[in-house]
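Colleague: I am new to this structure and would like to learn how to read it. Could you take me through it feature by feature?

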Amino acid sequence: MLLCVFAGNSLARPQVFVPDPITGYAIGGHDPVSFFVDGHPRKGSREHQFEWGGAEWIFVNKGNLAAFKRDPEIYAPLFAGCGGYALSEGFATTGNPFIYAVVDGRLVFFHSVVNRFLFLVNGTQLMKTAQENAAKVGCAPEQ
């Protein structure tokens, strides 16, 4: 569920990684480093927790936690977890950690498989447009 608030003439969204309403963790409790190391999302463990970007993150092991602490911007999903294709269209949707791609070395989530396909077909142009729109709709996390 995506909660939006109107502020002035623009659509606003908190500029943080919104915790999953069920788990309370960023990206549904999945270890962001696992997308790169294992090639797929893995659930983290409460034993390996770290707060960053306005949310709690959990990791599979100490090594993944250490890697994230060193470079959280590298491993955290681009656009604060918002869907990349939706951003290229100028609006925010919640990205799904099971529908993702690593684009130019960055983790990008998508709202649907179709959105992922459309984004990857025109990746260079859509990535540029999504990056331009991210701050406008609040999908750029606070650092």
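Modeller: We will go from the overall fold to single residues. Please keep in mind that this is a predicted model.

Colleague: Gladly. How many helices and strands are there in the chain?

Modeller: The chain has six helices and six strands. The chain holds 143 residues, and 47% of them are buried.

Colleague: Let us take a pair of strands. How do S3 and S4 run, parallel or antiparallel?

Modeller: A general idea to begin with: in a regular strand, side chains alternate between the two faces of the sheet. Here, strand S3 (residues 45–52) and strand S4 (residues 55–59) run antiparallel, joined by five bridges. Glu-51 stands opposite Glu-56 in S4. The hairpin of S3 and S4 has two residues between the strands, and Gly-53 takes a positive phi near 65° there.

Colleague: Which residues other than glycine have a positive phi?

Modeller: In general, most residues other than glycine have a negative phi. Two residues to look at here are Ala-80, with phi near 55°, and Asp-104, with a positive phi of about 50°. Ala-80 is in the loop between H3 and H4, and counts as buried at 4% relative accessibility. Asp-104 is in the loop between S5 and strand S6 (106–110), and is exposed, with a relative accessible area of 71%.

Colleague: Now a helix. What span should helix H6 have?

Modeller: Helix H6 covers residues 123–137, and its 15 residues should span 21 Å at 1.5 Å a residue. The C-alpha atoms at its ends are 20 Å apart, which agrees. The buried residues of H6 are Gly-123, Leu-126, Met-127, Thr-129, Ala-130, Asn-133, Ala-134 and Val-137. Just after H6 comes Gly-138, with a positive phi of about 85°.

Colleague: How should I read aromatic rings that sit together?

Modeller: A pair of aromatic rings is described by the distance of the centres and the angle of the planes. In this model the count comes to nine aromatic pairs. In one of them, the rings of Phe-36 and Tyr-75 have centres 5.4 Å apart and planes at 80°, so the pair is edge-to-face. Phe-36 lies in helix H1 (residues 34–37) and Tyr-75 in helix H3 (residues 72–75), so the pair ties together parts that are 39 residues apart in sequence. Phe-36 counts as partly exposed at 28% relative accessibility, while Tyr-75 counts as buried at 18%.

Colleague: And how are the rings of Phe-59 and Phe-68 arranged?

Modeller: The centres of those two rings, Phe-59 and Phe-68, are 5.1 Å apart and the planes are at 45°, so the pair is tilted. Both Phe-59 and Phe-68 are buried. They also belong to one aromatic cluster, formed by Phe-50, Trp-52, Trp-57, Phe-59 and Phe-68.

Colleague: What about charges? Which residue forms a salt bridge with Asp-38?

Modeller: Side chains of opposite charge can pair when their charged atoms come close. The count here comes to one salt bridge. Asp-38 forms a salt bridge with Arg-42, with the closest N and O atoms 3.2 Å apart. Asp-38 is partly exposed, with a relative accessible area of 31%, and Arg-42 is partly exposed too, at 35%.

Notes: Residues are numbered from 1 along each chain as its sequence is written. This is a predicted model: local features need pLDDT of at least 70, side-chain atom pairs count only at pLDDT 80 or more; totals for chains, interfaces and linings use all residues. Side-chain values use heavy atoms; hydrogens and water are left out. Rings of Phe, Tyr and Trp (its six-membered ring) pair if their centres lie within 6.5 Å; planes under 30 degrees apart count as stacked, over 60 as edge-to-face and the rest as tilted. Helices (H or I, at least four residues) and strands (E, at least two) are DSSP runs, numbered from the N terminus. Buried means under 20% relative accessible area, exposed over 50%, partly exposed in between (1.4 Å probe, protein chains only). The expected span of a helix is 1.5 Å times one less than its number of residues. A salt bridge is a side-chain nitrogen of Lys or Arg within 4 Å of a carboxyl oxygen of Asp or Glu. Two strands pair if DSSP finds at least two bridges between them.
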